[in-house]
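Thanks for coming. I will go through one structure this morning, a part of chain A and then chain B as a whole. Please have a look at it before I start.

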Amino acid sequence: MEDTFAKYQRQISLQEIGLVGMKKIQNARVLLVGAGGLACSSLLYLAACGVGNIGIIDFDTIEISNLHRQVLYGHTDIGKLKALVAKEKLEVLHPNCKVKAYATQLISDNAYDIFQSYDIIIDACDNIETRYVIEETCLKCNIPWVFAAINKFEAQLSVFNFHTPTQAAVQYSDVFPKTTLAEPVLNCAEAGVLGILPGIVGSLQANEALKIMAGFGTVLSNSILYYNALHNTFYPIQIKP
Amino acid sequence: MNETKSIQVKVVAFGVLQEIIGTSSLQIECLPELSWVKDFLLQSYPGLSKQHIQFAVNKQLVSDNITLSEGCEIALLPPFSGG
């Protein structure tokens, strides 16, 4: 406990967190769907902040074109599975954080079994189909999820399926209902992305997750935020369930 | 257009929708119905018809046609995919 106190003293000293909030953070169980740019940033901060249990699901391997934004990985990791490398690096940095890696693809058939072991999901995936699997499974498991998606210099951020006594939960499909698109929505490989962008937005996701875990601040649960790194603008949009 | 009922609104767009329109914002003169603005934009920028677009008015997401007021801000919102 002395080590724990020393490590997190600057965070415990915040009135909004304190020892009670810190205990909640240490007991929290968070699953990252995807181990790309958003996840690398949020994982580093969640582990550093003292989150006790982290899961990472990703079936992809590290490529050289990932390295400008996926800051957990380096040249010697090329060709290795992202989920396994992320787990190894986080456990070296923060041995008190238990990390479980799932080197598989999240699909409807495995999502429920995996999600049941977690309290919060962080959506760091790179496609909309997986996002609907996350939504469906979070509804079944009755857990919130911290959504983000990026495009070139822009990002979206929100918290879905987050219930409060005064407000009904908003869902991703309240904003973007399932539909057949004439043009596919491009991912980072297709559209390009500024390396720093997922670092900023993944940090914002970690911040939302921490607020949910420890119960402080205002959760971004009834609006979707558009962020533009090119012009440094935030554009929040209110969503009614 | 019925001149007596026309209003000025600001349209802002994000992501690929901004690329199709060619600017981050524009002022248009329109009838005070969101459906009128939607039709105008689709006719003026045919590339929008292939995109998934949600609309917000004065930073409030809207799914139905609503009456617009002078000077309001209409946002065109695309989904993003990358992570």
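A residue counts as buried here if 20 or more other C-beta atoms lie within 10 Å of its own. By that rule, 31% of the 83 residues in chain B are buried. Keep in mind that this is a predicted model.

I will stay with chain B for a moment. The chain has two helices and five strands, and their order along the sequence is β-α-β-α-β-β-β. Take the contacts between residues at least 6 apart in sequence: 57% of them join residues at least 24 apart. The C-alpha atoms fill a box of roughly 45 × 25 × 20 Å along the principal axes.

Now the core. Nonpolar side chains tend to be buried together in soluble globular proteins. The largest nonpolar core in this model has 97 residues. Ile56(A) is one of those with the most contacts inside it, as are Val30(A) and Leu32(A). Beyond four places in sequence, the contacts of Ile56(A) include Leu32(A), Ala83(A), Ala86(A) and Lys87(A).

That brings me to helix H4 of chain A, residues 82-93. Its 12 residues reach 16 Å from first C-alpha to last, close to the 16 Å expected. Which of its residues are buried? They are Lys82(A), Ala83(A), Val85(A), Ala86(A), Lys87(A) and Leu90(A). The buried residues of H4(A) pack against helix H3 and strands E2 and E3 of chain A.

Definitions and conventions:
Residues numbered from 1 in each chain as written. Chains lettered and ligands numbered in written order. Predicted model: local features only at pLDDT ≥ 70, side-chain atom pairs only at ≥ 80, totals over all residues. Core = buried A, V, L, I, M, F, W, Y, C linked by C-beta atoms within 7 Å. Buried ≥ 20, exposed ≤ 12 C-beta atoms within 10 Å, placed from the backbone. Contact = placed C-beta atoms within 7 Å. Helix = DSSP H or I, 4+ residues; strand = E, 2+ residues; numbered from the N terminus. Expected span 1.5 Å × (residues − 1).
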